[in-house]
Amino acid sequence: MPPLTDPTGPGRLVIQARAWAPAAAALIDRIGVGPGWSCADLGCGPSGILDLLARRVGRTGTVVGIDRDIAALLAALTVPRRAPNVSLRPGEVTRTGLPRGVFDLVHARFVCQEAGVGPLLDEMIALVKPGGFIALQEPGPEIWEIDPAPLGYPALAQRVAAAFLRRRSGTGPALAEQLRRRGVVGIECRQHRLRFRGGHPYASMPAFALAATRAALLKTGAATVRELGRLAAGLEEASRDRTVRHQTFPVWQVTGRRRGIRRSTETDSSAGE
């Protein structure tokens with residue numbers, strides 16, 4: 001696994017993908033991804049949901065991952081036993097260069113804040129075939145809950161969340177409305193949170209988020225060096241203490257279908273509309 005010291009590096013993304021894998025698996029099972037499907041995972045990073053999709057589509061299906069972060073793609077290439085039906089390409093999630101209108105499923109997770117909601121949705125809809133599925137997973141603006149909380153955490157965490165989620169129009173119901181405006185049908189919207197104790201690998205994420213936003217918080221005066229140092233130490237301790245309870249920020253899963261009827265690899269009876 002890549003090193004975990006870099007708050008913006010592949011190691012953090014691998015931990016994140018593993019933590020959310022059960023929710024992602026439930027998502028693609030609800031969609032009905034099956035043998036022979038063609039799928040794209042935009043902003044896949046070093047892991048994404050590539051392997052989950054590869055197992056569902058089988059030898060007759062294909063999965064392509066797109067990411068602009070070359071280091072993340074290189075980390076993805078080193079994964080042992082990665083399925084041969086998975087290909088990886090460098091590129092922007094809003095300008096993938098992939099063929100238009102050919103995918104049964106186009107998925108993106110945790111990329112709206114950076115890519116921009118409108119350009120991302122337009123690209124996803126352009127890539128999927130008529131009757132095919134668009135699926136997004138995006139965090140809500142609520143903070144990560146820690147009980148008992150480190151000194152100063154609740155107040156400062158609100159400021160960290162504001163810096164970390166700069167564009168909140170990419171959450172849940174707002175995403176669903178954006179899809180409706182673009183003619184997407186069959187839209188569903190669900191919310192998931194994870195709960196665990198300190199010692200879980202994902203319990204380190206608040207400390208990673210703080211480190212990733214430290215410069216912005218100092219620049220805007222949202223926090224002092226002393227405040228950030230004290231909170232960082234408290235978060236590190238909370239991530240290891242098995243008596244501490246963690247509840248993540250919510251993640252919204254939003255799915256819908258491009259209007260039309262799929263002409264191939266049809267596995268569900270409700271794809272046409």
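The model examined here is predicted.

**Exercise 1. Describe the aromatic pairs of Trp-20 with Tyr-202 and with Phe-249.**

Solution. 
Step 1. A pair of aromatic rings is described by the distance of the centres and the angle of the planes.
Step 2. The count of aromatic pairs comes to eight. In one of them, Trp-20 and Tyr-202 have ring centres 6.4 Å apart and planes at 85°. An angle over 60 degrees counts as edge-to-face, and the pair of Trp-20 and Tyr-202 is accordingly edge-to-face.
Step 3. Trp-20 lies in helix H1 and Tyr-202 in the loop between strand E8 (195-197) and H8, so this pair ties together parts that are 182 residues apart in sequence. Trp-20 and Tyr-202 are buried.
Step 4. For Trp-20 and Phe-249, the centres are 6.3 Å apart and the angle between the planes is 25°, and this pair is stacked.
Step 5. Phe-249 lies in the loop between strand E9 (245-247) and strand E10 (251-257), while Trp-20 lies in helix H1, so the pair ties together parts that are 229 residues apart in sequence. Phe-249 is buried, as is Trp-20.
Step 6. Trp-20, Tyr-202 and Phe-249 belong to one aromatic cluster, which also includes Phe-110, Trp-144 and Phe-196.

**Exercise 2. Is Asp-51 buried, partly exposed or exposed? Describe its surroundings.**

Solution. 
Step 1. Asp-51 is found in helix H2 (residues 50-57).
Step 2. The relative accessible area of Asp-51 is 26%. Buried requires under 20% and exposed over 50%, so Asp-51 is partly exposed.
Step 3. Elsewhere in H2, Leu-50, Leu-52, Leu-53, Ala-54 and Val-57 are buried.
Step 4. Leaving aside neighbours within four places in sequence, Asp-51 is in contact with Val-79 and Arg-82. Asp-51 and Asn-85 are 34 residues apart in sequence, and their C-alpha atoms are 9.7 Å apart in space.
Step 5. After H2 comes Gly-58, with a positive phi near 70°.

**Exercise 3. Where in the chain are Thr-94 and Ile-70, and how accessible is each of them?**

Solution. 
Step 1. Thr-94 lies in the loop between strand E3 (86-90) and E4.
Step 2. With a relative accessible area of 16%, Thr-94 is buried. Not counting residues up to four places away in sequence, Thr-94 touches Ala-115, Pro-119, Leu-120 and Glu-123.
Step 3. Ile-70 lies in helix H3 (residues 70-77). Its relative accessibility is 47%, so Ile-70 counts as partly exposed.
Step 4. Together with Leu-74 and Leu-77, Ile-70 makes a nonpolar surface patch of about 310 Å².

**Exercise 4. Describe the backbone features at Pro-148 and Phe-110.**

Solution. 
Step 1. Asp-147 and Pro-148 are joined by a cis peptide bond, with omega about 0°. Pro-148 is placed in the loop between strand E6 (145-147) and helix H6 (153-164).
Step 2. Phe-110 has a positive phi, near 60°, and is a residue other than glycine. Phe-110 is placed in the loop between strand E4 (103-109) and helix H4 (112-115).

**Exercise 5. Summarise the chain as a whole.**

Solution. 
Step 1. The secondary structure comes to nine helices and ten strands.
Step 2. Of the 273 residues, 54% count as buried.
Step 3. Among contacts between residues at least 6 apart in sequence, 76% join residues at least 24 apart.
Step 4. The chain exposes about 12,600 Å², of which carbon and sulfur atoms supply 54%.

Notes: Residues numbered from 1 in each chain as written. Predicted model: local features only at pLDDT ≥ 70, side-chain atom pairs only at ≥ 80, totals over all residues. Heavy atoms only, no water. Helix = DSSP H or I, 4+ residues; strand = E, 2+ residues; numbered from the N terminus. Patch = residues over 30% accessible without salt bridge, like charges linked within 9 Å, V, L, I, M, F, W, Y side chains within 5 Å. Areas by Shrake-Rupley, 256 points an atom, 1.4 Å probe, with all protein chains shown as cover. Salt bridge = Lys/Arg side-chain N within 4 Å of Asp/Glu carboxyl O. Buried < 20%, exposed > 50% of the residue type's maximum accessible area, 1.4 Å probe, protein only. Contact = heavy atoms within 4.5 Å. Phe/Tyr/Trp six-rings, centres within 6.5 Å; stacked < 30°, edge-to-face > 60°.
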